[in-house]
Amino acid sequence: GKTLALEAESGVTLIVPVRPMTSFLTLSIPPQTTPAEALLRIALTVLFYAGIVTLILLWVYPLVRRLHALSKMANNFGEGNLAARVRVSRFSLIKNIETEFNAMADRVSVLVDDNRLLSSAVSHDLRTPIARLRFGLDALGEESNPQVQQQYMRRISNDLAEMESLVEVLLDYARLDKQRREIPLVPIRLAPRLTDRIDAMINDSSIDIEWEEPNEPVWIKGNERYLDMAINNVLQNAQRYGHSRIRVSIRLPEKTNKPVLLIVEDDGPGIPPDERMRVLKPFERGSANIDRVRPTEPASAAEVLSSGFGMGLAIVSRILEWHGAALELGSSEKLGGACINIGLPAAAPPA
């Protein structure tokens, strides 16, 4: 018949009898907290959310910092500093974006450099035949001897052919850059293409070509048209500067992920070490090409080396860049001339 008080973590419960042994009234009193306990709860709650915010900031701050650095480099690059690059960190959250930005910056820099070289080279290479044309026309108008007039006419025709060849080279080079993203890469068997080209060179030239054909099929990944153009230019380069011998060989990779190495050597004067990077640029000629006479017939892109405009290795470098291949210029230990090493990506044989 008395009131019963029960205390637990949830509070105090009073059980009051209304009718003895039959009815009871239950009263629940929530727990009472002291001001110190209330302050402690608030402090713990604030500390919890502060910890969450700190973790978020620790994750976001590196991202914001990398984005700020990328924005700064993009502004510098846009203002004309073509050497601006983002320092890529392996822990960066936007590593792929930074890598793509640097690749884009490299590409734009190459295009700007090519434009400068083309502008200066074209202005120089066009002035000479134009000046000769003007002189030839003036002399032709003053000459009455038919034989001398024929000589002047031949010279004028040669100058026009040289200008036409230069324009054709420029157009081919522009098409190469325009069609970069349109070339499909498929598995190609390398040795038969080399054999066909070497057989054609042997029939057209008296130079001795040593071709070490591999015993097993060699498959690479590339585009047939542009790969043939690159191979033709490299072989023509060796034929042009070699004295009497050319050596062509293929070195198979020791590991599956390594490239197939195509080696073209000649016994010519070679390429000096200080010129090897320069001759890969458009309209840049090596010292061995200074005294060579240009042909009078217009040249296509595949035969551009024989035109003497200094575009052959530039075209080779650009095509191999599309293929993800490596180009290295060196000296031949066996023949003493130039040695061109081309690392082509290996491919599995088609089904």
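Colleague: In what order do the three strands form an open sheet, and what is the pairing?

Modeller: First, the terms. Helices (H or I, at least four residues) and strands (E, at least two) are DSSP runs, numbered from the N terminus. Two strands pair if DSSP finds at least two bridges between them. Here the order is E1-E2-E3, in an open sheet with antiparallel pairing. Strand E1 (4-8) and strand E3 (23-29) are at the edges with a single partner strand each, so one side of each has no neighbour in the sheet. On average, neighbouring strands are turned by 20° against each other, direction ignored. Axes behind such angles are lines fitted to C-alpha atoms, for helices over the stretch in contact, and angles run from 0 to 180 degrees between N-to-C directions.

Colleague: How many bridges join E1 to strand E2?

Modeller: Five, and E1 runs antiparallel to E2 (residues 11-19). As one example, Leu-6 has Thr-13 in E2 as its bridge partner.

Colleague: What should I keep in mind about the model and the numbering?

Modeller: This is a predicted model: local features need pLDDT of at least 70, side-chain atom pairs count only at pLDDT 80 or more, and totals for chains, interfaces and linings use all residues. Residues are numbered from 1 along each chain as its sequence is written, and side-chain values use heavy atoms, with hydrogens and water left out.

Colleague: What is the mean pLDDT of the protein?

Modeller: pLDDT is the predictor's confidence in each residue, from 0 to 100. The mean is 80 for the protein, and 85% of its residues reach 70 or more.

Colleague: Where does pLDDT stay under 50?

Modeller: Over residues 290-307. The model has 47 contacts for that stretch beyond four places in sequence. Contact means heavy atoms within 4.5 Å. Where pLDDT is low, the predicted coordinates should not be read in detail.

Colleague: How many helices and strands does the secondary structure of the protein come to?

Modeller: Six helices and 10 strands. Of contacts between residues at least 6 apart in sequence, 64% join residues at least 24 apart.

Colleague: Which five strands form an open sheet, and in what order?

Modeller: The order is E5-E7-E8-E10-E9, and the pairing is mixed. Strand E5 (208-212) and strand E9 (326-331) are the edge strands, pairing on one side only. Neighbouring strands here are turned by 15° against each other on average, direction ignored.

Colleague: How many bridges join strand E8 to strand E10?

Modeller: Six join E8 (residues 260-266) to E10 (residues 338-344), and the two run antiparallel. Leu-261 is opposite Gly-343 in E10. Val-260 has Leu-344 as its bridge partner there. E9 is also joined to E10 by six bridges, again antiparallel. In that pair, Glu-328 stands opposite Asn-341 in E10. The hairpin of E9 and E10 has six residues between the strands, and Gly-336 takes a positive phi near 90° in it.

Colleague: How many residues of E10 are buried?

Modeller: Buried means under 20% relative accessible area, exposed over 50%, partly exposed in between (1.4 Å probe, protein chains only). Seven of the seven residues of E10 are buried, so this strand is largely enclosed by the rest of the structure. Ala-338, Ile-340, Ile-342 and Leu-344 lie on one side, Cys-339, Asn-341 and Gly-343 on the other. For the protein as a whole, 35% of the 351 residues count as buried.

Colleague: How do the axes of helix H5 and helix H6 cross?

Modeller: The axes of H5 (residues 224-241) and H6 (residues 312-322) come within 9 Å and cross at roughly 145°. A crossing is left-handed if the near helix is turned anticlockwise from the far one by less than a right angle, and right-handed if clockwise. H5 passes H6 in a left-handed crossing.

Colleague: Which residues in H5 and H6 meet?

Modeller: On the H5 side they include Tyr-226, Met-229 and Asn-233. On the H6 side they include Gly-312, Ile-315 and Trp-322. The contact divides into nine nonpolar, three polar and no charged residues. Ala, Val, Leu, Ile, Met, Phe, Trp, Tyr, Cys and Pro count as nonpolar, Asp, Glu, Lys and Arg as charged, and the others, Gly among them, as polar.

Colleague: Why does Asn-233 count as buried?

Modeller: Because its relative accessibility is 0%. Asn-233 lies in helix H5. Its C-alpha atom is 5.8 Å from that of Gly-312, 79 residues apart along the chain.

Colleague: How many residues of H6 are buried?

Modeller: Nine of the 11, so H6 is largely enclosed by the rest of the structure. Arg-318 is one of the buried residues, and Trp-322 is another. Just after H6, Gly-324 takes a positive phi of about 70°.
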